[in-house]
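User: I am new to reading protein structures, and I would like to learn how to look at one feature after another. Could you take me through an example?

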Amino acid sequence: MSYKDITFSKEELARYNRHIIIPDFGLEAQQKLKAAKVLVIGSGGLGSPLLLYLAAAGVGTLGIVDFDVVDDSNLQRQVLFGVDEVGKPKVEAAKQRLQSLNPHIQINVYNTQLTSKNALELIKQYDVVADGTDNFPTRYLVNDASVIAGKPNVYASIFQFEGQVSVFNYTDNNGNTGPNYRDLYPTPPPPGLVPNCAEGGVLGVLPGIIGSLQANEVIKVITGVGEPLSGRFFVFDALTFETRTLKIKKQENTPLIERLIDYEQFCGVKAVERKIKEISVEEFIGWQESSEDVQVIDVREPAEYAEANIGGLLIPLATVSDKANEIERNKKVVVHCKMGGRSAKAIRELEEKFGFENLYNLKGGITAYLQQVQQTST
Amino acid sequence: MATVIIPTPLRKFTNQNSRVQVSGSSVQEAIGDLTLNFPDLKKNLLDENGKLRSFVNVFVGEEDIRNLQNEQTQLQPDSTISIIPAIAGGSH
């Protein structure tokens, strides 16, 4: 169906009035929006403003890919969600919110991780891809799948105080296709050199700014209004308020993208960190009181151990691999540090290298434990 | 002296300076001067052979140096060099 055949109800015309009365936008652009199908990958920091504005603008079909559930730590920036949604799958919570914002649009949700197996099948069903993911493997996957499927990829990325926006793989009216992510960055950084937001943090309002710019580009790509940010790369520094729009081009030596690969192997990192098992201080004390046979491992440094400890076996983080044979395999093992960060790292290392399946991270570490014990004893 | 704009993720290696004045008549010399003054930047910008890493792009003004003369791109005293590293955040 051509966008010219798209019609609007009286309610829709009233809703989109402020679009329709813009001389350079008009009913035609609104028809194009309603006819369009946009696949948004990631419904977190960038996905929140992006989805809210695309739904409000009247994009006819929105697809949302995310496998995550809403967490307390998301609410600092993921304005799609509220306290009531904590614990719910993000795509479900997003759909509910967006449908209440605009009941006239179709929302398809995919509560799954985008992978080399499902990416092409999904992307083929849409006109435009908007990438708001949070890791390099998925960034390269989205790029390559968009190139293979011949779809424009509206890209945005954030880190701490830095934001980037571009439109990749965009074919203009003359049939010329602009650069894609690989023309800009042929290969990813080695693992560990560039942290993700979960490790490096992000200013909460930044995805609001950058995700809104991304929504603007999606709307321009769909409607043909203005000049999409193809062949250009926008950079925003929230600290200095400096913005730059840099020129980018297709590079002759960028290898042809013909099929999807193993992107975790390509990037040397996992797209999704496997969740480790956790135990709260209350649960742990419950185990101790019921005389459950538990081994406790303390991965802090000897000086910290000397200051205060809960009788665990001291194996500092840097030595866990060397001393893996001292860790029990046939009963529950609680691993702790001061706050829970180092012990999580130790558990990942032990699970990955030695296949442990019986390790539990003490939430809040010895700090939370001592607080709890002090509270109950006073 | 040309000016290098340091991206926020790398400012921890430049004492939080967002702009650094560098001497040198080419990008290579400018980056050399920059990493001489801030040695911790080196492994983030250059590989073992001293070449710019593939996930770091350098622009002089608005132009990608790969579309100019790469590291041999000549600089003017008022040139602005942007270092643009790959970042991947967005969802979590």
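This is a predicted model: local features need pLDDT of at least 70, side-chain atom pairs count only at pLDDT 80 or more; totals for chains, interfaces and linings use all residues.

User: How many Å is the radius of gyration of chain B, and what would a compact globule have?

Analyst: The idea is to set the value of the chain beside the value that a compact globule with that number of residues would have. For 92 residues that would be near 12 Å, and chain B has 13 Å, which agrees. The C-alpha trace of chain B spans about 40 × 30 × 25 Å along its principal axes, and 55% of its 92 residues count as buried.

User: What can be said about the surface and the charges of chain B?

Analyst: Chain B exposes about 4100 Å², of which carbon and sulfur atoms supply 46%. For the charges, one can compare mean positions: those of the 8 positive and the 10 negative charges of chain B are 8 Å apart.

User: Now to a strand of chain A: which residues of β8(A) are on the covered face, and which are on the uncovered one?

Analyst: In a regular strand the side chains alternate between the two faces of the sheet. In strand β8 of chain A, residues 242-247, the covered face holds E242(A), R244(A) and L246(A), while the uncovered face holds T243(A), T245(A) and K247(A).

User: In which sense does β7(A) pair with β8(A), and over how many bridges?

Analyst: Strand β7 of chain A, residues 232-237, pairs with β8(A) in the antiparallel sense over six bridges. D237(A), for example, has E242(A) as its bridge partner in β8(A), and F234(A) has T245(A). The two strands form a hairpin with four residues between them, and F241(A) in the turn has a positive phi of about 55°.

User: Is S26(B), which is found in a loop, buried or exposed?

Analyst: The step needed here is a cut-off, since a residue counts as buried under 20% relative accessible area. S26(B) is in the loop between β2 and α1 of chain B, and because its relative accessibility is 4%, S26(B) counts as buried. Leaving aside residues up to four places away in sequence, S26(B) touches E71(B), Q72(B), T73(B), Q74(B) and L75(B).

User: Which residues does Q251(A) touch, leaving out those up to four places away in sequence?

Analyst: With that exclusion, Q251(A) touches D183(A) as well as D64(B), R66(B) and N67(B). Q251(A) lies in the loop between β8 and α11 of chain A, and at 12% relative accessibility Q251(A) counts as buried. Sequence and space can also be read together: Q251(A) and P186(A) are 65 residues apart in sequence, and their C-alpha atoms are 9.5 Å apart in space.

Conventions
Residues are numbered from 1 along each chain as its sequence is written. Chains are lettered from A and ligands numbered from 1 in the order in which they are written. Side-chain values use heavy atoms; hydrogens and water are left out. The radius of gyration is taken over C-alpha atoms; the globule rule is 2.2 Å times the number of residues to the power 0.38. Buried means under 20% relative accessible area, exposed over 50%, partly exposed in between (1.4 Å probe, protein chains only). Accessible areas come from the Shrake-Rupley method with a 1.4 Å probe; for residues, only the protein chains shown count as cover. Lys and Arg count as positive and Asp and Glu as negative; His and the chain ends are not counted. The place of a charge is taken as NZ of Lys, CZ of Arg, CG of Asp or CD of Glu. Two strands pair if DSSP finds at least two bridges between them. Contact means heavy atoms within 4.5 Å.
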